[in-house]
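Student: Could we go through this structure together, one question at a time?

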Amino acid sequence: MKPAALWRIGLVIGLVALLEVLCLAGVIDKLTMQPPHVMAMDIWRMLASGSLNAAIAKTLGNAAIAFLLAMAIGVAAAIAIHRVKAVREALDPLFATYYAIPIFAFYPLLIILFGLGDAPEIFIGTALGVVGVIVNTLNGLDRVPRVLMKTARIARFSTLETAWRITLPYASPYILSGAKLAVAYSLIGIIGAEFIMSSSGMGYEISFAYNNFDNATMYPLIVLVLVVAGTFNAALGRWEKALMARRGLV
Amino acid sequence: MNMMTNLAQVSLRGVDKIFPPPAKAAEPIHALGPIDLELRRGEFFSVVGPSGCGKSTLLELIAGLSTASRGEVAFEGRPIAGQIPDGVGVVFQEDASFPWLSVADNIAFGLRRMKLGKGEREARIERALAMMGLGPFARSYPSQLSGGMRQRVCIARTLVTEPRLILLDEPFAALDQQTRLLMGDEVLNLWRKTGATIFLITHALDEATMLSDRIGIMSARPGRLIDIVETGWPRDRDSRIVQEERFGTITARLWGALREESIKAIGRPGGGGQP
């Protein structure tokens, strides 16, 4: 393992240990936060009892759908936008300012459009993730060398074949960067939406536990969200690194 | 003796290429022509000329990557007119290997559109790997290879489709002199084995002299063929011909024809120095 990775792991362990000490010493009171070892035991108890399995499955399922939609729509849109210079020029400034838009503020409208249920939450998760995918995919497509496009023409590839066989594989490390953002934004979108417009899911349960001073439920759920997001991001990061290494770029 | 036949495989008649003006007030750019040329089936034909004279434009017209503004380009009697003809392979100056594929998969890529049985497909890949000396590197990725080896991967990817016409656009430009000579030997060897016609664009006069049956010399822009030199080399030749007296004579003749054009191309008056 590289020294930087060891330092990173050491830093996280150090922060958890510090939190443990501060909680046990009473510097952080029990109403505010539990010691990490208690959170770990609560996670185990919660998963073993299955009391929140439905909420966890709903949130992760919807986040997965939002992520897949963001990837599919984002990559397809990027391919289309990349082909038409005028569209690209028109949309670039909008992409640059997209994350300044508070999408959650539109939730009443989304409920009117999609009704109560999973659809508006999935919409928010997808909407938050899709632009990160588009921007990163465009970045990758911009880098495809012209000589590879000539090679595609010599091979008499159609537009779709060129995308599938040449431009998307070339841009894959950049698409994976977009995927990492999409994982994070999908989870943020779904959990955030559950906070404000749902009566189920991890976001709702966290909010409910918070309102009832139920730290034994709230912190395990927060840690679980962190673990899921971190695991997916780490897996995508490793994949991205492997692709870059294959190209001699790491 | 040269074994090529006299059948024209590629013909260009009155071909011009004019690019639209780069800005509103500017004039259209007459890049090339008029060009009249016939490539004989199985010959090794090279084109030399000053920078910016339209050599690569000429190759793109023959490859079908670009359309002539005037005149006609035909391959085996059929007009090309911007359609990529079947039976033509191109090796570009830039590295066109696919970095996400292994060497063997890069070579197999050329066969995707061909309906071949698995056995034939694998046999062709094996042959191409062996012919280009890439056998031990079949599972390597392009990033693990030198520039010369990556170019060999691109040549192998072209060869595996068994093209009848191979277009080489300065394929050795990024390589050092020794590697270029050795790559030249490999290309000559391939040319003999495959029987394909080779059309080479190059800046290097010695490379053109060593490899070619005929060498077309182009003028400064708009590029026209101002002379065609027959080398008279035997088909069974290699880089050792650089030691022959005639090698120097032919190279000097190319330079004699090109010097004034090169001076024009870089935009300064010539003729003031020693002959």
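Here is our conversation about this predicted model.

Student: Which element gives the largest share of the side of chain A that touches chain B?
Tutor: Start with the contact as a whole, which takes 15 residues from chain A and 12 residues from chain B. On the side of chain A, the elements that give two or more residues are α7 (146-154) and α8 (159-197) of chain A. The largest share, 6 residues, comes from α7(A).

Student: Is B:R253 buried, exposed or partly exposed?
Tutor: Find B:R253 in helix α7 (residues 245-266) of chain B. A buried residue would have 20 or more other C-beta atoms within 10 Å, and an exposed one 12 or fewer. B:R253 has 16 such atoms within 10 Å, so B:R253 is partly exposed.

Student: How far apart in space are B:R253 and B:L205?
Tutor: Along the sequence, these two residues of chain B are 48 residues apart. In space, going from C-alpha to C-alpha, B:R253 and B:L205 are apart by 9.8 Å.

Student: Which residue stands opposite B:A74 in β5(B)?
Tutor: Let's look at both partners of strand β4 (residues 70-75) of chain B. With strand β1 (residues 8-19) of chain B, β4(B) pairs in the antiparallel sense over 5 bridges, and there B:A74 is the bridge partner of B:S11. β4(B) also pairs with strand β5 (residues 78-79) of chain B, in the antiparallel sense over 2 bridges. In β5(B), the residue opposite B:A74 is B:P79.

Student: Which residue takes a positive phi in the hairpin of β4(B) and β5(B)?
Tutor: Look at the 2 residues between the strands of this hairpin. The residue with a positive phi, near 50 degrees, is B:E76.

Technical notes. Residues are numbered from 1 along each chain as its sequence is written. Chains are lettered from A and ligands numbered from 1 in the order in which they are written. This is a predicted model: local features need pLDDT of at least 70, side-chain atom pairs count only at pLDDT 80 or more; totals for chains, interfaces and linings use all residues. Two residues are in contact if their C-beta atoms, placed from the backbone, lie within 7 Å. Helices (H or I, at least four residues) and strands (E, at least two) are DSSP runs, numbered from the N terminus. Two strands pair if DSSP finds at least two bridges between them.
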